[in-house]
Amino acid sequence: MNILVTGGAGFIGSALCRHLAADPANRVVNVDKLTYAGNLASLSSISGQPNYRFVRADICDEAVIGEVLRTEAIDCVIHLAAETHVDRSIDGPGSFVETNIVGTYRLLQAVLKYWRGLPAPAADSFRFHHVSTDEVFGDLPFDDSSFHEATPYAPSSPYSASKAASDHLVRAWHHTFGLPVVLTNCSNNYGPFHFPEKLIPLVILNALDEKPLPIYGTGANVRDWLYVEDHARALALVAARGRIGQSYNIGGGAELTNLAVVQAICDALDRRQPRRNGKSYRELIAFVADRPGHDRRYAMDTSKIERELGWAPQETFASGLARTVDWYLGNDWWWRPIREGTYAGDRLGRLAAG
């Protein structure tokens, strides 16, 4: 299968490219604009493989995308290219509108034109897989409820609103133009090659640098954590076997408060790389002003993908976090240039937070 992955130099996209390229029956074409979070070093393990190709391009460029689709005879598009950080969307929502909404529209137009020109067998098997987030559903109370595929949308940040809009565009192109689409909504990902503006890598690297470990508010906000390689397996399954027009929730089944996550990281580092002063990394925890409009809780009902496609996460949070901490301890070649150049770990989202 010839698969086009948009945003394949990002965190989830690079994990998906590595997963797909491990199968020699796949040809993986990675289209990425290489914004601040795109990193080709995340793809060094497959960059020399004959079944992998990287194309630096913007999904807003319909002509270039159309040429790639035709040249590579693409059978499936998996669309991950997006601005994703809530705090950055607070500081600068314009780029989220441009990439997540306008970019998805431009991509859909290029794909629709390409799909309409395919011969019947290829057109019948073609699909467009749109990758989204649980944040489009809003948030949940502190109880045992969870998001399911029919949960009404109620986004609360510029990021989640832009992703919700892109979801609606994809569904509209399916219902109006017949484009064969599948959608997925995932919970918080973590794992190797994660850009260190996000909670888990930020805490790991701040701890190693003896810097404060910031926790918004009281740390009571709850997220469901999904190991990125489990997510990659799920995306490949949905792209290949998901029912056209359907959406699937993907989650790790690991609900934890932000405080519990940070404490678990501290404990893992205490065991693996103790501080020179002999104290626990927990003493570096610092509570900071809460994120504006901070969603209380996310939780995913994943029964549909488990029932229809047989997917389930292979990693528990404990096992996945252990693998993640060990990876950061052993791979400073990847993260140190980021910390010393692109992003040093400063607080984002200050404009609204005050």
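Two strands are said to pair if DSSP finds at least two bridges between them. The legends below describe close-up views of a predicted model.

**View 1. Strands S6 and S10 pair in the sheet.** Strand S6 (residues 181-186) and S10 run parallel and are joined by 4 bridges. Within this pairing, Asn 185 lies opposite Asn 249 of S10.

**View 2. An open sheet is built from 7 strands with parallel pairing.** The strands follow the order S3-S2-S1-S4-S5-S6-S10. Strand S3 (52-56) and strand S10 (247-250) are at the edges with a single partner strand each, so one side of each has no neighbour in the sheet. On average, neighbouring strands of this sheet are turned by 20° against each other, direction ignored.

**View 3. Helix H2 (residues 62-71) crosses helix H4 (residues 93-116).** The two axes come within 9 Å and cross at roughly 40°; H2 and H4 are therefore oblique to each other. The crossing of H2 past H4 is right-handed.

**View 4. Residues of H2 and H4 form a contact.** From H2, Glu 62, Ile 65, Gly 66, Leu 69 and Arg 70 take part, meeting Arg 106, Leu 107, Gln 109, Ala 110, Val 111 and Tyr 114 of H4. The residues of this contact comprise 6 nonpolar, 2 polar and 3 charged.

Key. Residues numbered from 1 in each chain as written. Predicted model: local features only at pLDDT ≥ 70, side-chain atom pairs only at ≥ 80, totals over all residues. Heavy atoms only, no water. Axes fitted to C-alpha atoms, helices over the stretch in contact; angles between N-to-C directions. Helix = DSSP H or I, 4+ residues; strand = E, 2+ residues; numbered from the N terminus. Parallel < 35°, antiparallel > 145°, perpendicular 65-115°, else oblique. Left-handed = near helix turned anticlockwise from the far one by under 90°. Contact = heavy atoms within 4.5 Å. Nonpolar A, V, L, I, M, F, W, Y, C, P; charged D, E, K, R; others polar.
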